Amino acid sequence: MRIIERIPWKRAAFAAAVCIAFCGTARAQVNLHLWHQMRPDAREILKERIRVFEKLHPGITVMQLYKENEELRVGYQAAAAFTGGGPELVYGPSDFVGAFESMHIIKPLEDVFPKAMLDQLDVKAHTVYRGHLYQIGDEIGNHLALIWNKRLFRQAGLDRAPKTLDELVSFGKKLTLDRNGDGVTDQYGLVWNYTEPFFFIPFYTSFGGWVMDDKGAPALDNTASVRAFDYVLGLRDRARIIPRECDYEIADSKFTEARAAMIINGSWAWSKYMEALGADFGIAMLPMNEETGLWAAPMVSSKGYFVNTSVEGATLDAVRTFVTFMLSPETQLAFATKLKTIPSNLAAQRDPLVLGDPVIAVSIEQARVGKAMPLVPEMRAIWDAMRPPYQNLLGGNITAAKAAREQQRLALQKIGELNEGKDDNEETARGNALVVGIIYILGALIALVALVLLVTRFLVPLFRNAKTLDSGNARFAVMMILPAAVLMFGVVVYPFFYNLVISLSNMSMLTVNSWSIIGFDQYGKVFGIDRFLDTMAKPDASVWMAFGQMFSTEFYGVFVKTIIWTVVNVFFHVTIGVFLAMLLNRKLPGKSLFRILLILPWAVPQYITALTWRGMLNTDSGAINAILKQVFSIAPLPWLTDSTLAFVSVIMTNIWLGFPFMMLIALGGLQSIPRELYEAAEIDGASAWQQFRTITVPLLKPVMIPAITLGIVWTFNSINVVWLVSNGGQPADQTHILVSYVYRAAFNLYRYGYAAAFSFVIFLILALFSITFMRRSSATENVY
Amino acid sequence: MQKRDSIPKLALIYAIVILFTAIAVYPVLQVVSISLRPRATLLSDSLAIIPEGATFENYIALFRDQPFLLWVRNSLLITVAVMVIGVALASTAGYAFSRFRFPGRKAGLLSLLVTQMFPATMLLLPLFIMMAKLQLINTFIGLIVIYSSTALPFCIWQMKGYYDTIPFSLEEAARIDGLGRFGSFYRVILPLAAPALVITALFSFMSAWTEYIVAAQVLYYENMFTLPIGLKTFQSNMSTEWGLYAASALIVSIPAMALFLFLSKWLVSGLTLGSVKG
């Protein structure tokens with residue numbers, strides 16, 4: 001009966017499948033993939049518009065995928081430049097264009113879209129780079145403006161936002177309050193993410209500065225820099241209207257909780273503040289500098305669609321249809337009215353819904369005085385160059401003049417690094433031919449030796465019965481290991497050799513598609529040998545000067561920090577872990593509850609707990625300083641803004657994250673120690689400490705040694721915690737270990753060859769260490 | 001082990017354990033606090049754990065507006081596979097490394113360790129290229145293989161370390177009783193290694209359960225997302241949905257805790273070796 005009932009269903013399903021297949025061939029269904037970085041509220045609108053589009057165009061399916069901004073850029077580059085794949089469409093900010101164009105992974109669009117369609121859009125939304133249109137924007141702006149809390153202004157007897165930089169200070173002073181008179185500021189006049197260069201730019205422009213000169217060279221060492229630096233420092237140290245420590249999240253929470261009267265933040269955050277403040281939401285243009293007559297001009301950029309270079313034919317038609325739909329007035333209004341963005345479609349710009357919106361009106365004015373963000377990839381190097389000196393200045397370590405000089409020097413250096421490989425031509429290639437030849441011969445030799453060793457040392461003994469070896473047992477053992485070995489080998493071998501080859505090459509942003517083997521130059525750069533040779537080449541150089549230059553390479557300092565980081569972390573992981581395991585290994589009522597609570601740091605995803613620690617380490621409002629003050633009456637410590645304390649902070653967080661794991665291992669290991677040993681020791685009158693030394697330690701060793709060895713290796717290479725807690729190495733790139741440094745200095749600037757060499761050096765250091773460590777601990781390998 | 005302590009000593013032990021538990025728990029309570037906040041802010045000037053206007057809205061929204069259960073299903077599928085592979089391969093390979101002498105033994109142990117030394121910066125790009133070439137993009141198989149390979153070296157080493165503490169005499173007795181090589185491993189030694197198996201299982205589980213860097217590169221469709229990438233969608237440059245993120249992070253940690261609770265029976269049951277004089 002049941003079977004009979006099922007048959008029609010199966011038939012129907014079959015018929016449907018046939019129909020789908022048939023319809024598919026008849027109408028050529030096109031799947032489009034769109035990768036974007038839209039924030040959560042925008043994503044909802046995007047999904048809704050895609051539904052509408054798919055209804056209108058049944059032949060096209062659009063699969064959207066959200067990626068965080070940086071991951072979108074890196075992910076698309078990996079997919080498109082290295083595998084020729086990736087999505088058909090990428091939606092992102094216009095400054096992606098420089099790197100994408102250099103890698104030839106985006107398509108020029110001027111011939112893809114009809115001129116009539118392009119003419120309907122604001123020219124500011126067209127990203128033209130090196131003579132081609134590469135991106136069609138749907139949004140202009142992404143700029144900063146001043147948001148103010150009208151209620152807090154009224155309470156201070158103010159009825160409008162500040163219009164000049166002087167007013168910003170005088171209003172700010174009225175709005176900065178210590179309500180209960182305890183010496184701690186309860187309400188700040190102004191907050192913003194001022195430690196980040198992008199958020200500093202408006203002040204720089206208000207003193208007449210700009211990041212680049214007409215020729216595209218960095219222009220950071222000038223009086224505008226010095227005066228703008230001084231102005232921001234004045235807000236903090238003289239007027240005291242901004243918090244001493246303020247990153248994006250601190251500013252955001254202070255303003256949202258009405259503990260700050262003004263915030264400088266970008267268009268992406270405005271709708272959130274409108275919701276939080278309701279009628280008290282006020283938006284104004286960033287103030288004018290009365291002295292220079294210039295506006296504090298934010299950087300303005302557009303966001304929009306890039307098309308993958310590999311898209312052709314019917315897919316390209318579908319892309320054209322979809323992008324045209326997304327840029328239609330209807331779709332643009334859906335985004336603009338909800339998110340308060342400036343639409344790029346001219347008809348949408350003229351729509352009463354947009355014209356009549358007070359927030360968009362201010363936004364348009366602000367964008368009008370703003371300055372277009374440079375599209376060249378060098379901008380990334382400039383950001384990286386501005387950050388350390390600026391943060392050093394804020395930390396009180398250098399003067400404004402020195403910071404200005406330093407950021408210019410760093411910018412030139414980093415632009416050079418970004419563009420490495422640019423001048424590599426056939427002549428240098430020929431010069432390297434000898435080195436390259438040697439490398440190939442060496443590679444072949446090593447492969448040969450490995451093969452011979454495999455046969456003589458492994459295969460032959462395994463299958464020939466020798467006196468010294470029970471080959472039956474050996475064969476059994478090898479069979480037991482084989483599955484694991486095949487899996488490990490399969491996963492690891494390709495990446496290893498790939499990395500090795502790239503580390504000998506000149507692969508960089510400009511040579512992704514045309515790299516060649518150049519020898520050991522990248523390794524030379526890692527160790528600063530190039531600096532040594534450059535200094536020696538100078539006529540008046542001494543060897544000591546050359547060594548000085550060589551050791552000024554960041555590698556050495558970061559290496560020392562990495563050692564400290566690893567030793568301190570693993571030491572505390574193991575001692576705390578073993579200590580707690582021993583306490584929990586007794587008769588202790590309620591111990592299962594403690595056990596489960598103690599592994600919480602291991603169980604909760606790191607990303608959020610690491611950031612929670614950032615909050616706890618805050619100078620003014622963090623729990624740690626509160627405890628230090630209440631219990632030990634210690635004055636607040638600048639945990640995250642002082643370079644030494646920041647390093648301590650990162651280590652503390654990582655100890656917290658890591659001890660439960662060691663505790664777990666030790667708990668397991670303690671089970672293998674026979675109770676009788678302790679009983680016998682007790683009878684012999686051994687003290688607790690003697691029992692620990694003579695029984696626990698040696699018997700725990702075989703279980704702990706692998707965990708400790710691997711713990712060292714993992715800690716040495718753990719990038720996440722350092723990155724999250726120090727917000728990418730802050731302050732001033734002082735809080736790095738080797739891996740996070742590679743990420744910041746190499747990958748960020750697309751220096752693939754250098755990054756590979758640096759990574760390989762990290763690997764060699766670890767390998768060298770472990771082999772020594774294993775040799776020393778192998779004496780205790782078999783306890784029984 | 002398991003002896004009674006005097007009252008003052010017990011009080012001291014409690015004091016220490018409670019102090020460390022408080023340190024372990026406090027930051028997690030902060031996450032709880034974020035998840036209850038009505039506005040999506042990561043930080044707060046208030047030190048109160050239960051924020052003003054606390055709400056469960058984030059938890060409700062997670063199940064109502066997000067394909068959260070689908071992500072849980074995908075994650076479980078991958079994680080259980082990795083756990084099974086991890087336990088199966090590590091318990092056998094670890095045993096072989098512990099008990100037998102064979103050519104390549106030392107080299108094998110060392111190369112396992114060596115694979116852990118590649119910094120992430122060295123692996124990411126080539127792994128992605130390799131998976132693209134093998135058509136493993138957008139498949140769970142690719143992820144399962146990679147996660148297993150990250151968990152295995154530690155698991156093998158740790159199994160080997162534990163087997164080392166189990167006396168050889170047990171197998172000798174088993175062999176005399178007529179069990180084969182595999183039989184004496186499977187029937188006699190494996191049950192004794194339960195605490196180490198628990199750690200292997202937990203470790204494999206965790207390395208697959210929380211991984212997102214590789215998953216984010218490999219999975220292109222939302223209906224294939226694992227929990228950690230699902231979580232990542234709440235995280236956006238300068239506009240993260242902190243409430244949703246914190247709520248889901250806490251929910252994500254529940255299975256790990258539950259597994260630990262379930263497995264800890266074997267972790268501390270102390271299958272005593274005392275019965276066998278080593």
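## Domains of chain A

In this predicted model, the domain assignment divides chain A into domain 1 (2-140 + 302-370), domain 2 (144-297 + 377-418), domain 3 (522-552) and domain 4 (554-780). The ranges show that domain 1 and domain 2 are each written as two stretches of sequence.

## Where domain 3 meets domain 4

The centres of domain 3 of chain A and domain 4 of chain A, taken over C-alpha atoms, are separated by 36 Å. Nine residues from domain 3 of chain A and ten residues from domain 4 of chain A take part in the contact.

The size of an interface is often given as the accessible area lost when the parts come together. Between domain 3 of chain A and domain 4 of chain A, about 910 Å² is buried, and carbon and sulfur atoms give 69% of this area. On the domain 3 side, A:Tyr523, A:Val526 and A:Phe527 lose the most area to domain 4 of chain A, and together they account for 54% of what that side buries. One salt bridge is counted between the two domains, and the side chains of A:Glu554 and A:Arg531 meet in a salt bridge at 3.9 Å, N to O.

## The second largest cavity

Rolling a probe the size of a water molecule over the atoms shows where empty space is left. The structure holds nine cavities of 30 Å³ or more, and the second largest cavity contains about 1600 Å³ of space. Of the 50 residues lining the second largest cavity, A:Gln606, A:Trp714, A:Ser718, A:Asn720 and B:Ser207 are the closest to its centre.

Helix α30 (residues 643-670) of chain A gives the most to this lining, with five residues. Sorted by class, the lining has 33 nonpolar, 15 polar and two charged residues.

Key
Residues numbered from 1 in each chain as written. Chains lettered and ligands numbered in written order. Predicted model: local features only at pLDDT ≥ 70, side-chain atom pairs only at ≥ 80, totals over all residues. Heavy atoms only, no water. 1 Å grid on protein atoms, 1.4 Å probe; cavity = no way out; pocket = protein on both sides within 12 Å on 5 of 7 lines; lining within 4 Å. Points joined across faces, edges and corners; volume = space filled by probe spheres on them. Helix = DSSP H or I, 4+ residues; strand = E, 2+ residues; numbered from the N terminus. Nonpolar A, V, L, I, M, F, W, Y, C, P; charged D, E, K, R; others polar. Domains from an automatic or database assignment. Contact = heavy atoms within 4.5 Å. Buried area = accessible area lost by both parts, 1.4 Å probe. Salt bridge = Lys/Arg side-chain N within 4 Å of Asp/Glu carboxyl O.
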